[in-house]
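Please keep the sequence and the 3D view open while reading.

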Amino acid sequence: MPALLPRHRTTVADYSDERRRARLRQTRTGHHWVRFGRTRRALVWLAVWVLVPVLCASSVYWMRDVLPQQVRLATTQPQIHPVYDAQQSSERDTAVVELVGLGNLDATRTATSLPTLSRIGQVWAVRYDNSGIDTKVISDLITTHARDRNVGSVVVSGHSMGGVIALEVAEHLYRDTDLAVDAVILDCTPLDLHAVRAQSRDAGEDLLRWIGWIPGARESRVLRLFVEVAARQHRFVDPSSWYPRIDPSELREVLGEVLREKILSRRAASNGLIESQFRVIVASGAIDNLDALAAPREPKPRPAMVFLRPRVAAADRVVDVDYSQRILIDHSGGPEGTLLVVKLDGTGHANPNQHPVTYNEAIADRIVPFLRSTSAAQTPQSAAVGEP
């Protein structure tokens, strides 16, 4: 029988909780910190307890909010939707192309509210690429669509910031294609950043800062909710008291409006599209576009310019329409230019959906006769500035 090996002496009877605590103190994080050791260790643990929930929330934000939007936006592209056929068969070789402004994605609703445009020709609405704007891509799309439908001339119409895009698109069509650009219609368009009133300009610049600072902000619907509500704070915040007083009922109404129209709607413009739209205004070469469209390009006639605005400039709270009108007169009006200014009664900022009767009457009574007269004259030097 083999000899038994001696068993190691047990230490159970020698267990000491003080030694255990001392050993923990010697091996814990920051045990060598002497100066402000307790404070530094408390800050480390606080950072850990804060960082873990932040990381979890960030993961949910990225996986549930940002990534699905990135996948959806990667498949979007600009489109053209036919809205109305020309009222007269003789006008079917002309198309009116509608473009909408900041925060809007699809011009179909706006074009639908303006049936009198069909007196000029076919009416088409542009739906932007929801991930951003490229005016060359839009002009190529219009050219392809026109060739497929035997259209030889176009009228490009832009509402608000859409007018800035309309000018760039019109220059591409006028300079690089065989399409004739009969006219460009601008509805309360800011021709440079100075034409945008301070409050609207600040809101756009705030959005650019948010998108620049926060990862995923170009796609995030959660951040869009905060930005859109903040942009409407004048409706629910009373600044008259010494502290900001919030009206709960107005806040609920604003939240519901933003959720319906900007967050949950599939027709809403993305943050990235709004950023791209605002950058078009910031980097606008609208004056250069106007000069390019005013330069002769044989055998094409020079495009006529039409500017729609409220009669009272203060009624437009977004754009200083007097300022834009002066720019148009300097670059497109005068004895060698073709410019029509139409002042509308009772309207605000580029809102044909809210005042369709006023807009349709202006198109029928002022714009259609003007375009027919300039077309019949066959020369861009024939018309000047007109106001009702």
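## Basis

This is a predicted model. The values below are computed from it.

## A cis peptide bond

Glu 298 and Pro 299 are joined by a cis peptide bond. Its omega is about 0°. Pro 299 sits in the loop between α10 (286–294) and β8 (304–310).

## Positive phi outside glycine

Asn 150 has a positive phi, near 55°, and is a residue other than glycine. Look for Asn 150 in the loop between α4 (135–148) and β4 (153–159). Asn 150 has a relative accessible area of 65%. The cut-off for exposed is over 50%, so Asn 150 counts as exposed.

Ala 350 is not a glycine either, yet its phi is positive, at about 45°. The loop that holds Ala 350 runs between β9 (339–344) and α12 (356–377). Is Ala 350 buried or exposed? Ala 350 is buried, because its relative accessible area of 17% falls under the 20% cut-off.

## Strand β9

β9 is mostly covered, with six of its six residues buried. Both faces are covered. One side carries Leu 339, Val 341 and Lys 343, all buried.

Which way do β8 and β9 pair? They run in the parallel sense, over six bridges. Val 342 in β9 is the bridge partner of Leu 308.

Notes
Residues numbered from 1 in each chain as written. Predicted model: local features only at pLDDT ≥ 70, side-chain atom pairs only at ≥ 80, totals over all residues. Heavy atoms only, no water. Helix = DSSP H or I, 4+ residues; strand = E, 2+ residues; numbered from the N terminus. Buried < 20%, exposed > 50% of the residue type's maximum accessible area, 1.4 Å probe, protein only. Pairing = 2+ DSSP bridges.
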